[in-house]
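Let's take a walk through a protein model together, one step at a time.

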2 protein chains.
Amino acid sequence: MNFKEELAARTAQVETVIKKYLPEEKGYQKTVVEAMNYSILAGGKRLRPMLMQETFRLFGGSGEVVEPFMAALEMVHTYSLVHDDLPCMDNDEYRRGKKTTHVVYGEGMAVLAGDGLLNYAFETAVKAFGTADGMQAPDRVARALGVFAGKAGIYGMIGGQTADIEAEDREMKGCPVTEDGLLFIHEHKTAALIQSAMMTGAILAGADGEAVRQMEKCAYNIGIAFQIQDDILDVTGSLEVLGKAVGSDAKNHKTTYVTLKGMEQAKRDVERLSGEAVSILASFSLRSLRNEFLEELVLQLVGREK
Amino acid sequence: MNFKEELAARTAQVETVIKKYLPEEKGYQKTVVEAMNYSILAGGKRLRPMLMQETFRLFGGSGEVVEPFMAALEMVHTYSLVHDDLPCMDNDEYRRGKKTTHVVYGEGMAVLAGDGLLNYAFETAVKAFGTADGMQAPDRVARALGVFAGKAGIYGMIGGQTADIEAEDREMKGCPVTEDGLLFIHEHKTAALIQSAMMTGAILAGADGEAVRQMEKCAYNIGIAFQIQDDILDVTGSLEVLGKAVGSDAKNHKTTYVTLKGMEQAKRDVERLSGEAVSILASFSLRSLRNEFLEELVLQLVGREK
């Protein structure tokens, strides 16, 4: 199989895991469950659970203890989209070509569906204690839960969303975001859930503290490189390749990594950050099985044309 | 000390525990943390963490393992109020005489503050693994986490909120809620977090499965009795005693326990449910220390004049 086929096959495996942990649509709470499942099944590349599973494999993990966490991470990612799309946030009517949750189910139900997904993420992750391998290593599951919770919250994703909203408000008042501020947003809004994926994958496989810190660094690089690449493509990309409008940042006079550092520096930084990320992964191949699929996945992610 | 003094003293203790676990208002995420702390410090009787602590004591629990869960439960309760007050939900501008979170911080930030509180509840509860007594009994903390998560979600509080919203929609279309539907709402919207309090308190103290099930039943009775009493007071209470408008249910043609079962039956059911709840608590006094404060607290709760 080439990479593309392998990616499709592994995405399908991840989909199966996610579906296995979705709640049943029945009872008096049926509507909120429908709205939750509608949101999570509306598509997506499932990159976060895939990165978690592949990091778990890199460190020699096996068994199903990682599965509840994979599903839980996709639930966290999905709830953040549902709430982000609300009229009082980004007010988006479509996502991935489908109507957003509040358009289909109403705003109140979308708030509850987001809350339901976030809460169900923890209900699901806690199930890892009950898996056969979770029973043997409750300490790993407990540590993974701590990282998983932390990277989703105010010191992770929610912190990034907060800083992003405030930076936009200030930009409208003519006060552009600083490089430090922009990196904070990218680190927390984007990299944090990738860190959650790779760190929990490593912890659940039994990686030591130093290895987990290396995964945190690796995932930071991936997240930041991904976001810089996003800024680059908004300038150099084409509508056909991206499937979305380009030049929107310039039109909105938005401060991006490209406006702050220049196009050439931005491209060099993507190269450097992604190169370091792959080096970190390769360094662990000496001690464990090499995961070439994971290395290729990272390169595709940050070097992506779309 | 009489009960009132004892209640004030214990409420102050619970306040201290909650404050100990609140996040610091600093960094790029400062605003969302301010909004979270504003919401949780806006007052409240702290009944849920108090019931947790007292049940923990009833079963001979000691040490600080219960503390993160106490703070976490108040965070869950508070996030539900923040999201409930949003314009797309109940659209309330005031709560306990203070402006609601979205009025002070804007709707977008209120959504994030609610999300932040829910997520931080789990970040906080997970800290119980790291307390001295949590280290000794990780299995108890893991089981408590499972119950804590479940009672807050779609099979607990969020399920009740969903059913409540839908029942209101149907009532407006002339289709009144059934007794079964009303009990589902009360059980999930109100009793679930009381169950969370008493069950996690018991689990963390080392109570066995049967005792935990008895606490679930006891808390169910307390929650339902409390809600029926609420319906009764809306008919018989006075503005001066309640501090809020009475007769609002009748004015809204709302189906309540009183309209379904009649006033006399409703009063008898409050008696029966609260009597059973106290009997359950007293039955455990034979095996452990009697917690007379907890028994009195339950009676005050359901027999309350306001």
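Start at Thr162(B), which touches Gln29(A), Thr31(A), Val32(A) and Leu112(A), leaving aside residues up to four places away in sequence. Here, two residues are in contact if their C-beta atoms, placed from the backbone, lie within 7 Å. Chains are lettered from A and ligands numbered from 1 in the order in which they are written, while residues are numbered from 1 along each chain as its sequence is written. This is a predicted model, in which local features need pLDDT of at least 70 and side-chain atom pairs count only at pLDDT 80 or more, whereas totals for chains, interfaces and linings use all residues. The pLDDT is the predictor's confidence in each residue, from 0 to 100. Chain A averages 93, with 95% of its residues at 70 or above, and the model scores ipTM 0.96 and pTM 0.96.

Back to our threonine. Thr162(B) sits in helix α9 of chain B; helices are DSSP runs of H or I with at least four residues, numbered from the N terminus. Is Thr162(B) buried or exposed? Thr162(B) is buried, because 27 other C-beta atoms lie within 10 Å. The cut-offs are 20 or more such atoms for buried, 12 or fewer for exposed, and partly exposed in between.

Now zoom out to where the chains meet. In total, 42 residues of chain B are in contact with 42 residues of chain A. On the chain B side, α2, α6, α8, α9 and α10 each supply at least two residues. The largest share, 12 residues, comes from α6(B).

Next, look at how helices pack within chain B. The axes of α10(B) and α11(B) come within 7 Å and cross at roughly 140°. Axes are lines fitted to C-alpha atoms, for helices over the stretch in contact, with angles from 0 to 180 degrees between N-to-C directions. The two helices, α10(B) and α11(B), are therefore oblique to each other. Residues making this contact include Leu183(B) of α10(B) and Ala211(B) of α11(B).

Helix α11(B) also meets α15(B): their axes come within 8 Å and cross at roughly 150°. That makes α11(B) roughly antiparallel to α15(B). Angles under 35 degrees count as roughly parallel, over 145 as roughly antiparallel, 65 to 115 as roughly perpendicular, and the rest as oblique.

Finally, find Phe69(A), which touches residues including Met52(A), Phe148(A) and Leu204(A).
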